[in-house]
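Student: I have a structure open and would like to go through it piece by piece. Can we take it in short questions?
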Amino acid sequence: MKLYKNKRILPYLQIAPAFLLIVGLLGYGVFNGILESLQVDFSWTVEAYQTLFGNSAFWTSLWYTLYITFVSTMIALLVGLCLTHFLYPYLVKDRWKAVIWVPMLFPHFAAGYLIVLLFSDSGWISGLLFQSGAISQLSDFPNLVNDTNGLGIIMTYVWKEIPFVVLMLLPVYVQMDERLKDVVLTLGGKKHDEFLTAQWPYLWPTIIEIAIILFAFIFAAFEVPYLLGVTFPQMTPVLAFDWFFDGNWDQRPVAFASMVVVTAIIVMLTIAVYSSTQKYRHRLMKGS
Amino acid sequence: MNLKITALILIFSMFLAACNSEGNGEPQTSKVPDQKWEDIEQEAEGSTVNLFMWGGDNGINRYIDDWVAPKLKENHDITLKRHPMDTNEFIQKLQTEKKAGKDKGTIDIIWINGENFKNAKENQLLLGSFASKLPNYEKYINQDKNFTKSDMGTDIDGMEAPWGNVQFVMWYDSEKVKNPPKNMDELKKFVKEHPGKFTYPNPKDFSGNAFLRHVLYEKTDQDPKLNEKDDPSWLEGEDEAFWKDLKEISPHLWRKGKTYPESLSQLDQLYSKGEVWFTLGFNEARGEGLIKDGVFPPSTESFVLDVGSIGNTHYLSIPFNSPNPEGAMVAINFMESPEAQLAKMDPSMWGEGMVLESDRLPKDIQKELQALNRGDTVLSTKELEEAYLPELNSTYIDWIKEHWLNEVVQK
């Protein structure tokens with residue numbers, strides 16, 4: 001009886017340090033944010049949320065943020081998957097791994113600045129084109145940085161996140177049973193059947209996991225859109241930062257409310273995806 | 001199991017929240033020292049003073065590190081430590097400390113003005129009325145001047161001491177522009193002839209906002225003057241000409257007005273790279289150091305707009321939980337001394353204008369002041385004085401910020 005009890009409690013004890021850290025720091029922050037968003041002059045009110053949802057700039061910003069996040073995540077996943085799929089025999093070797101890892105060495109802000117140096121109107125590429133006579137004026141270069149479509153932001157995230165996708169997918173490829181591919185071929189399957197039936201079932205749970213991580217990360221990130229964004233529309237975290245640090249402190253609860261909304265979206269999405277794929281993941285883990 | 005974890009998290013957070021509110025009693029703040037000045041000076045000797053200030057300008061940093069700090073050490077045995085931090089961030093830091101009831105802080109002096117002062121004062125983040133205790137403030141600063149009474153519409157009540165006066169000017173590259181546009185009609189014509197070569201920072205930025213305040217002056221200049229009304233609500237219905245002109249130039253600006261530089265330093269960068277031909281900002285002497293550092297082209301010249309040039313004052317203050325208010329007062333008093341203010345005007349340092357009355361200064365300092373060459377890009381004192389416009393109430397800053405996105409960018 002005692003042993004049974006201990007066995008039940010032990011995992012909780014083991015997870016306690018990490019749990020305390022996450023709940024203590026992150027949970028407290030979120031909790032405080034929620035509190036601040038619900039208080040105006042020390043009284044409880046949902047006024048901040050009413051102001052927020054009635055603000056057209058917020059909705060534009062939210063859609064814009066969703067669009068950038070979705071596009072960046074998709075491109076990074078697709079390119080990362082292709083790279084791993086076709087190159088993984090090389091990528092397991094340290095030399096090639098190092099090449100792919102390079103973008104991971106840069107902080108996001110540095111990566112953003114690199115994009116500015118390369119792609120702005122007066123950047124290196126536009127300068128090269130100008131020197132070579134391909135464009136007659138520096139300002140003829142298309143706006144790729146600080147543009148309303150968020151291309152600069154997307155480029156930065158794609159460049160930064162591809163190595164992360166590869167990093168996450170490599171172990172899956174390494175662990176995959178090569179014999180399954182042979183089975184597919186022996187049974188008359190084509191090249192793409194090999195991928196779809198022998199590899200995809202192992203890949204997609206990880207891919208979804210990566211997608212959620214990337215989504216949460218890009219959706220709530222501040223520094224890259226701050227550097228590469230435009231005056232309007234702005235990504236939600238930048239908007240919240242502006243509201244928070246605005247000279248007018250009455251806006252602060254609204255800033256918190258907008259971040260609470262962002263957090264809620266991420267949490268809901270994660271719960272939805274995990275709960276719908278949980279069964280499959282279980283089976284996969286037990287089966288292998 | 002999920003439910004249990006959720007419950008745990010909730011309980012834990014409530015516990016934390018409770019911890020927080022327990023410490024929320026009225027914090028024991030430091031008080032403005034009320035001894036005689038000599039005693040304050042004696043008390044401050046050998047202490048360390050932590051100065052928190054915006055750190056984005058090399059000239060300003062040089063002035064503090066290479067001139068003020070060594071002199072303060074020499075004269076008063078005070079160690080001055082400069083901490084570069086954005087203004088709204090250290091105000092936020094103080095606000096957090098106030099909430100947490102932290103009565104011994106880490107900041108002794110802050111560099112603020114306008115809205116930041118208003119927020120700090122309204123949230124009781126400042127030590128109290130200390131300015132009139134400073135001998136140099138009493139002796140050299142004209143107390144009838146408006147900048148000692150009101151900081152963009154907020155009553156000062158001695159809770160901050162003036163440090164510098166600056167005026168707003170425009171800079172342009174004289175190699176590319178022969179006759180810079182000086183009013184909205186000329187600007188409209190200019191941007192249509194030279195698309196993409198002009199822009200102004202997003203009015204969230206203090207300098208970008210100041211540019212629009214000049215346009216507001218030009219478009220609504222009437223009696224009584226703008227600055228005498230502390231509430232911009234009267235502008236409703238009177239602001240059409242203002243927004244109409246801004247909308248009209250917008251598509252001809254840098255990036256076709258689809259985006260604006262987020263900060264003055266971004267505009268400076270564009271100007272430095274030649275993407276635009278103009279930049280702007282407070283501190284009429286700012287261009288000197290930037291030309292010397294090779295940031296601005298040597299052909300840079302400055303001018304004031306026809307409507308005039310808004311003068312802005314910035315201040316030093318002491319936070320409510322300063323661990324060393326005596327040292328802070330001695331340091332601020334020193335920074336308001338004639339020699340420190342004169343050194344500040346030197347273009348190789350900071351170059352900005354002084355807050356002292358020139359005819360109250362000692363004779364030798366007056367002579368040096370007359371002999372001082374502020375640099376070729378700086379307009380004459382006479383021209384600047386004639387163009388002088390009083391600063392507007394900070395409520396106008398918010399008004400412009402609030403409406404600009406709707407009126408100009410989203411249309």
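Student: In what order do the elements of chain A run from the N terminus on?
Tutor: The order is α-β-β-α-α-α-α-α-α-α-α-α-α-α. That comes to 12 helices and two strands in chain A. Keep in mind that this is a predicted model.

Student: OK, predicted. What is the mean pLDDT of chain A?
Tutor: The mean is 88, and 97% of the residues of chain A reach 70 or more. Confidence in chain A is highest in helix H3(A), residues 56–91, at 94. The lowest is strand E1(A), residues 39–40, at a mean of 82.

Student: And why would I care about a low value?
Tutor: Where pLDDT is low, the predicted coordinates should not be read in detail.

Student: Fine. How many Å does the C-alpha trace of chain A span along its principal axes?
Tutor: About 75 × 65 × 30 Å. Buried residues make up 27% of the 288 residues in chain A. Of the contacts in chain A with a separation of 6 or more, 71% are between residues 24 or more positions apart.

Student: Which residues in chain A does a cis peptide bond join?
Tutor: A:Phe232 and A:Pro233, with omega at about -5 degrees. A:Pro233 sits in the loop between helix H10(A), residues 223–228, and H11(A).

Student: Changing topic: how many residues of chain A are in contact with chain B?
Tutor: 19 residues of chain A are in contact with 23 residues of chain B. On the chain A side, the elements that give two or more residues are helix H1(A), residues 2–37, and helix H11(A), residues 236–245.

Student: Which element gives the largest share of that side?
Tutor: H1(A), with four residues.

Student: How do the residues of that side divide into nonpolar, polar and charged?
Tutor: Eight are nonpolar, nine are polar and two are charged.

Student: On to chain B, then. How many helices and strands does chain B have?
Tutor: Chain B has 16 helices and 10 strands. Its radius of gyration is 23 Å, close to the 22 Å that the globule rule gives for 411 residues, so chain B is as compact as a globular protein of that length. The C-alpha atoms of chain B fill a box of roughly 75 × 65 × 45 Å along the principal axes.

Student: What percentage of chain B counts as buried?
Tutor: 46% of its 411 residues. Among contacts in chain B with a separation of 6 or more, 83% are between residues 24 or more positions apart.

Student: Let me pick one strand. How many residues of E6(B) are buried?
Tutor: 13 of the 13 residues of E6(B), residues 161–173, are buried, so the strand is largely enclosed by the rest of the structure.

Student: Which strands does E6(B) pair with, and in what sense?
Tutor: E6(B) pairs with E9(B), residues 309–317, in the antiparallel sense over six bridges. With E7(B), residues 278–282, the pairing is antiparallel over five bridges. With E8(B), residues 300–303, it is antiparallel over four bridges.

Student: Which residues stand opposite B:Tyr172?
Tutor: In E7(B) it is B:Phe278, and in E8(B) it is B:Glu301. As for E9(B), B:Gly311 there is the bridge partner of B:Gln167.

Student: And where do side chains point in a strand?
Tutor: In a regular strand the side chains alternate between the two faces of the sheet.

Student: Now a helix. How many residues of H5(B) are buried?
Tutor: Seven of the nine residues of H5(B), residues 114–122, are buried. Among them are B:Gly114, B:Phe117 and B:Ala120.

Student: What covers the buried residues of H5(B)?
Tutor: The cover includes helix H4(B), strand E3(B), E9(B) and helix H16(B). Just after H5(B), B:Gln124 takes a positive phi of about 55 degrees.

Student: What about B:Asp157, what is its phi?
Tutor: Near 50 degrees, a positive value in a residue other than glycine. B:Asp157 lies in the loop between E5(B) and E6(B).

Student: Where is B:Arg255 found?
Tutor: In the loop between helix H9(B), residues 240–249, and helix H10(B), residues 264–272. The phi of B:Arg255 is near 55 degrees, also positive.

Student: Is B:Arg255 buried or exposed?
Tutor: B:Arg255 counts as buried, because it has 21 C-beta neighbours inside 10 Å and the cut-off is 20 or more. B:Asp157 has 13 other C-beta atoms within 10 Å, so B:Asp157 is partly exposed.

Definitions and conventions
Residues numbered from 1 in each chain as written. Chains lettered and ligands numbered in written order. Predicted model: local features only at pLDDT ≥ 70, side-chain atom pairs only at ≥ 80, totals over all residues. Buried ≥ 20, exposed ≤ 12 C-beta atoms within 10 Å, placed from the backbone. Pairing = 2+ DSSP bridges. Contact = placed C-beta atoms within 7 Å. Nonpolar A, V, L, I, M, F, W, Y, C, P; charged D, E, K, R; others polar. Rg over C-alpha atoms; globule rule 2.2 N^0.38 Å. pLDDT = per-residue confidence, 0-100.
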